[in-house]
Amino acid sequence: MARQVDVYREWLSIKEPNRPLDYYQLLRVPRFCDDVARIRGNYRKMNAHVRKFASGDYAKQSQELLNELARAMLSLTD
């Protein structure tokens, strides 16, 4: 069984203790950033990193975080 892991802190290095994170915090872009290239670039980097955890003990947490990252990217670039 997988240990509890704070995926935001341990996988994405987000130190912000308050939860839930807003989409800007999650994708590590300044609030109200409208630079689509920057948002998508950050999303791609984070997505690639989180996919490393997609198999094994953390598959469920990885998929949930991947879905959250995708929602954030789509929302901020729409």
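Reply: Start with A72, which is in contact (heavy atoms within 4.5 Å) with Y23, L26 and L27, once neighbours within four places in sequence are left aside. A72 sits in helix α4. Helices here are DSSP runs of H or I with at least four residues, strands are runs of E with at least two, and both are numbered from the N terminus. A72 counts as buried because its relative accessible area is 0%. Buried means under 20% relative accessible area, exposed over 50% and partly exposed in between, with a 1.4 Å probe and protein chains only. From A72 to Y23 is 49 residues in sequence, yet 5.0 Å in space, C-alpha to C-alpha.

A word on the source. The model is predicted: local features need pLDDT of at least 70, side-chain atom pairs count only at pLDDT 80 or more, and totals for chains, interfaces and linings use all residues. Residues are numbered from 1 along each chain as its sequence is written, and side-chain values use heavy atoms, with hydrogens and water left out. pLDDT is the predictor's confidence in each residue, from 0 to 100. The protein chain averages 93, and 97% of the residues score at least 70.

Now the whole of α4. It has 19 residues. Its first and last C-alpha atoms are 27 Å apart, close to the 27 Å expected at 1.5 Å a residue. That expected span is 1.5 Å times one less than the number of residues. The buried residues of α4 are Q61, S62, L65, L66, E68, L69, A72, M73, L76 and T77. Seen down the axis, they fall within an arc of 165°, so they line one face of the helix. The arc is taken from the directions from the helix axis to the C-beta atoms. An α-helix has 3.6 residues a turn, so residues three or four places apart point the same way. On the other side of α4, K60 and L74 are exposed. The cover over the buried residues of α4 includes α1, α2 and α3.

Take S62 next. It belongs to α4 and is buried because its relative accessibility is 1%. The side chain of S62 reaches the backbone oxygen of V50 at 3.2 Å. Beyond four places in sequence, S62 is in contact with W11, V50, F53 and A54.

Then T77, also in α4. T77 counts as buried because its relative accessibility is 17%. Not counting residues up to four places away in sequence, T77 touches V36, I39 and R40.

The core ties these pieces together. A nonpolar core is a set of buried Ala, Val, Leu, Ile, Met, Phe, Trp, Tyr and Cys residues joined through side-chain atoms within 4.5 Å. The largest one holds 23 residues. L12, L26, L27, L65 and L69 touch the most other members. Two or more residues each come from α1 (7-10), α2 (23-26), α3 (36-51) and α4 (59-77). α4 gives the most, with six residues. L27 shows the packing well. Leaving aside neighbours within four places, L27 is in contact with I39, N42, Y43, M46, L69, A72, M73 and L76.

Turn to α3, one of the elements covering α4. Its end C-alpha atoms are 22 Å apart, which agrees with the 22 Å that its 16 residues should span at 1.5 Å a residue. Its buried residues are I39, G41, N42, Y43, M46, N47 and V50. Their cover includes α2 and α4. D35 caps the N-terminal end of α3, with a side-chain oxygen 3.2 Å from the backbone nitrogen of A37.

Last, the loops. P20 lies between α1 and α2, and the peptide bond from R19 to P20 is cis, with omega near 0°. S13 is in the loop between α1 and α2. Its phi is near 60°, a positive value in a residue other than glycine. S13 is partly exposed, at 43% relative accessible area. F32 lies in the loop between α2 and α3, and its phi is near 65°, also positive in a residue other than glycine. F32 is exposed, with a relative accessible area of 66%.

Definitions and conventions: A polar contact is a pair of N or O atoms within 3.5 Å; within protein, one must be able to donate a hydrogen and the other to accept it, and residues adjacent in sequence count only if both atoms are side-chain atoms.
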